[in-house]
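Dear colleague,

Please find below the structure that I am handing over to you.

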Amino acid sequence: MFRLTESPRLSEFERKVLPHLDAAYNLARFLMRNEQDAEDVVQEAALRAFRFFDDFRGENSRAWFLRIVRNTSFTVLKKNRPDETNIAFDEELHGGQTPPMDAGVALDRAQDRQSVRAAIEQLPPEFREAITLRELEEASYKEIADIAGVPIGTVMSRLARARRQLQLILSQTK
Amino acid sequence: MNHHEIRELLHAYADDELDLVNVREIEQHLRACDECRRIEEQIRALRHALNNDAPAYRAPARLRRNIRAALRREAKATERNFSPWFVFATGAAFALILFVFVFFQTNRASRGNAIVDQVVDNHVRSLLATHLVDVASSDQHTVKPWFDGKVDFAPDVHDFAMSGFPLFGGRLDYLDGRTVVALVYQRNKHPINVFIMPATGSSDSSPALSNRRGYNLFHWTRRGMEYWAISNLNEAELRQFIALLAR
C-alpha cells in the first residue's frame, strides 16, 4: 500500500547492469570451468553489485560489473582450488616452447567450438581472463586493466603469453 | 625501435591498441622482417579461429530468472519507498494519526520479518557460494583486529573451542542496510553464523528463538550490540552455544 510497485533503484540496476549478464556468465564460465560454479558466482556477484550499486558512479557499467564477477570468481578459486591460481606452475609446463612454424596453417583449418573452449580452459586463470575479455568480449586493454586491477603493460604481456600458449595447445590438438 | 621492441608490440598492433606513429613504424618493419610477419600472421590466425568458432557462453535462462527473483527479494527487504505526497495528502488529523499508527505497527512487524529473512538468506548464501569467511582463523586475536577499520564498531570475538564450538573465522556481511560483522563457528559439521551490529535501541533483551525454513535463529541485544545467530544445528545445542556467547 505504501510501497511503490517497482523500486526505482532496482529498475535502474536492471537497465544498466543486467544487459551484461551474458558477458558476466561467459567470464565466470571460463574462470570457474563448470556451469554450476559459474552460475553461483554470477548470482553472488549480481547481488553484491546491487548492494554496492550506490557506489557506482562511473560510465562503464560493464567493466564495473565484470570486475565484481572476476573478484568473486578469484575469491572462490583461491579458496577452493589454490593450486589452479598459480601462474608460475603453468609457465614451467608450457614455457620456453614456441609454436611450430605451421601453427598458423593448422589454425586455418576451422577448429570446432568445443576444442577452442577446451584449449582456453587449459590456460592459467589470469590468461583465461585476458583471452576471454579480449577475444570474446572485445574489451580494450584499458577495460581489461580496469577489470583485472592490473596495469595495461601487464595486460599486454598476459595476452601475448596467453596467445602463445593457446597456439601451442591448439596446434597440438590437431 | 629495434626488432625486439617491435616483437613486443605486435600483439598491441594486431589489437589496434597503438597510435598512428607506432603503427607506421611497425608496418615498415613488417615489410622487411620475415619473423615478425610470421608472428603477426599467427596472431591474426588465432584471432580469426577464435572469432569464427564463437566459443562464448551465454547466460542460461534459468540463471537470468534466479537473479531477477533474488534482486526483487533483496530490493523488497532493504528498500522501503514511502511516497511522501501520500503523507501530506491525507491532511486530516484523524487520517494522519491512523496512518502513523498503522505505519508503526506494520513497519515494525515487517522490518522484523524482513531482517529474519535477510539473516537466513545471508546464512544460506555464505554456505552456497563458499564465501563463508574473509578471515579464516580460530584465533580471536587474529579475527578481531581484522575488522578494525572495516566496520565502525569493535565486536566481541571469543573462541569457544574448549566447549566444542571452535571459532572458524569472520567476514563482512550486509544486513538491514548496514555493514555488519559475521563470525562463523563450527559445531561438528554445522556452521553457525553470528551477525553483530550496533543496536538501534539501548535496552538489552534476552535471546529469543525463531525458526525459518528449517533454521534455528536466536536474536538478542546486549550492551548496545544486536546479535543474530543462525544455524541448522538442533535447538538444544544452539541454545548451549548462545549461553556461552551471551554470557
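Two residues are taken to be in contact if their C-beta atoms, placed from the backbone, lie within 7 Å. In that sense, and leaving out residues up to four places away in sequence, A:Leu27 touches A:Leu66, A:Val69, A:Arg70, A:Thr132 and A:Leu133.

This is a predicted model, in which local features need pLDDT of at least 70, side-chain atom pairs count only at pLDDT 80 or more, and totals for chains, interfaces and linings use all residues. Residues are numbered from 1 along each chain as its sequence is written, while chains are lettered from A and ligands numbered from 1 in the order in which they are written.

Confidence in chain A. The mean pLDDT (the predictor's confidence in each residue, from 0 to 100) of chain A is 84, and 80% of its residues reach 70 or more. The pLDDT is below 50 over residues 88–96 of chain A, a stretch with three contacts in the model beyond near neighbours in sequence.

Cores. A nonpolar core is a set of buried Ala, Val, Leu, Ile, Met, Phe, Trp, Tyr and Cys residues joined through C-beta atoms within 7 Å; a residue is buried if 20 or more other C-beta atoms lie within 10 Å of its own, exposed if 12 or fewer, and partly exposed in between. The largest such core has 59 residues, and A:Ala24, A:Leu27, A:Ala28, A:Val42 and A:Val69 have the most contacts inside it. Another core, of 32 residues, lies apart from it and includes B:Val180, B:Trp228, B:Ile230 and B:Phe241.

Chain B. This chain has eight helices and seven strands. Of its 247 residues, 27% count as buried.

Helix packing in chain A. Helix 9 (residues 141–148) of chain A packs against helix 10 (residues 152–173) of chain A at an angle of about 100°, with their axes 9 Å apart. Helix 9 of chain A contributes A:Tyr141, A:Lys142, A:Ile144 and A:Ala145 to the contact, and helix 10 of chain A contributes A:Ile152, A:Val155 and A:Met156.

A buried proline. A:Pro124 is found in the loop between helix 7 (113–121) and helix 8 (125–136) of chain A. A:Pro124 is buried, with 21 other C-beta atoms within 10 Å.

With kind regards

Key:
Helices (H or I, at least four residues) and strands (E, at least two) are DSSP runs, numbered from the N terminus. Axes are lines fitted to C-alpha atoms, for helices over the stretch in contact, and angles run from 0 to 180 degrees between N-to-C directions.
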